[in-house]
Amino acid sequence: MPGGRIHRPQRISTPLDGISSWSDKPITMHKDQSGTWRAEVDLPDGQHSYKFRLKSLSPFMEGRVVEVTDPQARRIDPQNSEASVIVLRDGQDRTTAPDYPWQHDQVPLPQDDELVIYELHVGEFAWEGDKPGTFEGLVRRLDYLRDLGVNAVELMPVQAFPGERSWGYLPRHFFALEPGYGTPEDFKRLVDECHARGMRVILDMVFNHSDTEAPLNHIDFYYWYRDAREGEPSYGPKFDYERIDDTLGVRPAFRFGLEVAAFWVEEYHVDGYRLDATAVLNNFEFVQAVRDLCKEKAGGKPFYIVAEQLPENPAIATPTGPADGAWHQAFELQVVPALCEVGEPAAALEALQPRNHGYISPARVVNYLESHDEHTLMRVLAEAGITGDKAFRKNKLGATLLFTAVGNPMIHQGQEFGGHRPRDLEIRPLQWELLEHDYGLHLKEHYAFLARLRRETAALRSEDLEPLHLDAQAGVIAYRRGGGGEVVVVANLRDADQTLTLPFPEGAWRELSFGYDLEVSSAQLSEDFPASSAKIYIRRS
């Protein structure tokens with residue numbers, strides 16, 4: 001096992017045993033000055049499994065001798081008690097396919113304020129037959145995402161998790177891919193093929209906690225973790241980013257987290273992280289360190305750090321950090337009720353400009369109508385008594401607001417064709433059959449139209465938004481987007497046709513949703529607006 005190593009608390013003095021390929025005689029490891037236990041072993045080419053045998057210092061283990069997977073294992077074998085795996089070929093470490101021939105690293109990628117993000121679960125989105133999907137299967141669906149107008153794929157966690165099916169938010173092995181999704185070479189090809197299509201790859205990363213069976217939890221709980229604070233959500237053992245090892249002069253969990261962050265950038269060439277539950281993590285210094293390190297490792301290519309800071313705190317996302325952007329939950333909380341006609345139009349209009357909620361870099365926030373944490377928009381509408389054609393009108397209207405607001409729009413898998421699956425922890429396929437019906441296909445085409453419009457229209461990627469009109473009783477809002485051309489959006493939030501007269505900039509305009517030209521004089525617009533619809537006007541030169 002070339003370079004086999006494990007970092008352990010300095011106060012441990014008894015030798016560690018590395019069990020290499022389940023040999024009869026354990027291999028004794030020795031500690032170096034950095035506090036790392038090491039062993040070097042000559043091994044033939046092939047795949048080798050190993051674990052570490054040690055006396056646990058975790059209080060709940062009561063001093064038992066345990067066998068743990070390498071906390072830095074880059075591959076694991078789920079058929080062999082999740083043993084660490086190392087692969088040798090020609091005497092060299094080939095565990096993560098280091099000789100993968102990257103083909104598309106130089107393809108220009110969109111900047112952090114130009115993103116159309118698509119959140120997906122590999123197993124659900126790429127489902128084939130009766131089995132969850134794989135990286136290989138996802139590659140076969142990338143053209144669908146490209147044609148939809150997506151330029152950033154956000155993958156729900158892909159690090160190895162307990163069990164065969166999971167959302168992935170209980171990471172057990174932080175450096176290893178979930179084996180059910182595929183091999184390191186498969187994942188590298190996925191990233192490479194995304195880049196070939198001009199799409200960035202954003203990984204959903206959990207730094208707040210681990211699974212209870214994570215190796216570090218069995219080695220020494222209080223060296224890596226802390227007790228949960230009163231009232232704090234309990235997802236799993238929580239890393240202690242404040243704890244200092246005075247002997248080594250390091251913060252163990254802090255260092256481990258940064259090693260994880262650097263690894264996925266350097267090894268797999270990913271382009272951003274969505275940081276899960278940063279409010280619970282509660283350490284801006286660590287978020288800043290992750291951001292700075294990853295941008296350095298990205299070597300000048302754009303790298304996007306977006307925080308899930310809930311409840312929202314705009315201080316998490318500024319031009320200099322700690323993060324580049326944040327999930328703008330207020331968008332969903334204020335726009336979706338307005339679509340259901342139970343919320344205030346004024347609140348919906350306010351949510352279209354993240355600056356109203358304190359963000360000083362509003363173009364880098366992430367707006368969404370649904371995510372993995374919420375029920376689908378179609379299900380929320382149904383619970384409000386809105387179904388059938390009316391629900392599809394509301395979804396289409398919501399999409400228009402999403403793509404014409406300030407900030408990066410995010411689509412959750414299946415949202416674009418009206419998916420309405422139950423939102424629970426069960427892993428199930430998307431409802432692709434909805435695309436076989438006109439309403440699903442028409443809705444998807446509307447999302448693609450909006451994505452293309454945003455890509456081609458600088459005003460929609462700017463930070464500027466000016467409210468032009470609000471009629472709470474009629475349920476009508478209008479706003480102007482500037483900063484490169486000029487776009488005006490008028491939205492009828494009520495599910496009734498209306499003839500409206502409202503203030504409007506004079507001049508020659510093109511309406512894009514229905515496709516016609518018009519001239520506006522006397523600073524007023526008089527138009528018919530169908531039920532639950534929006535019109536998008538762009539100034540003609």
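These exercises, each with a worked solution, walk through parts of a predicted model. Residues are numbered from 1 along each chain as its sequence is written, and side-chain values use heavy atoms, with hydrogens and water left out. In this predicted model, local features need pLDDT of at least 70 and side-chain atom pairs count only at pLDDT 80 or more, while totals for chains, interfaces and linings use all residues.

**Exercise 1. Helix α10**

Task: Find which residues of α10 are buried, and what covers them.

Solution: 
- Helices (H or I, at least four residues) and strands (E, at least two) are DSSP runs, numbered from the N terminus. Buried means under 20% relative accessible area, exposed over 50%, partly exposed in between (1.4 Å probe, protein chains only).
- List the buried ones: A330, F331, E332, Q334, V335, V336, A338 and L339.
- Look for the cover. It includes α11 (345–351), β20 (366–368), α12 (377–383) and α13 (388–404). Contact here means heavy atoms within 4.5 Å.
- Step past the helix. E341 follows α10 and has a positive phi, near 65 degrees.

**Exercise 2. Salt bridges**

Task: Say where the partners R421 and E124 lie, and do likewise for K188 and E267.

Solution: 
- Apply the cut-off: a side-chain nitrogen of Lys or Arg within 4 Å of a carboxyl oxygen of Asp or Glu. The structure holds 39 such salt bridges.
- Take R421 and E124. Their closest N and O atoms are 3.3 Å apart. R421 is in the loop between β21 (408–412) and α14 (438–456), E124 in helix α1 (residues 122–125), 297 residues apart. Both R421 and E124 are buried.
- Take K188 and E267. Their closest N and O atoms are 2.6 Å apart. K188 is in helix α4 (residues 184–196) and E267 in helix α7 (residues 252–268), 79 residues apart. K188 counts as buried because its relative accessibility is 1%.
- Finish with a network: salt bridges link D143, R146, D147, E193 and R197.
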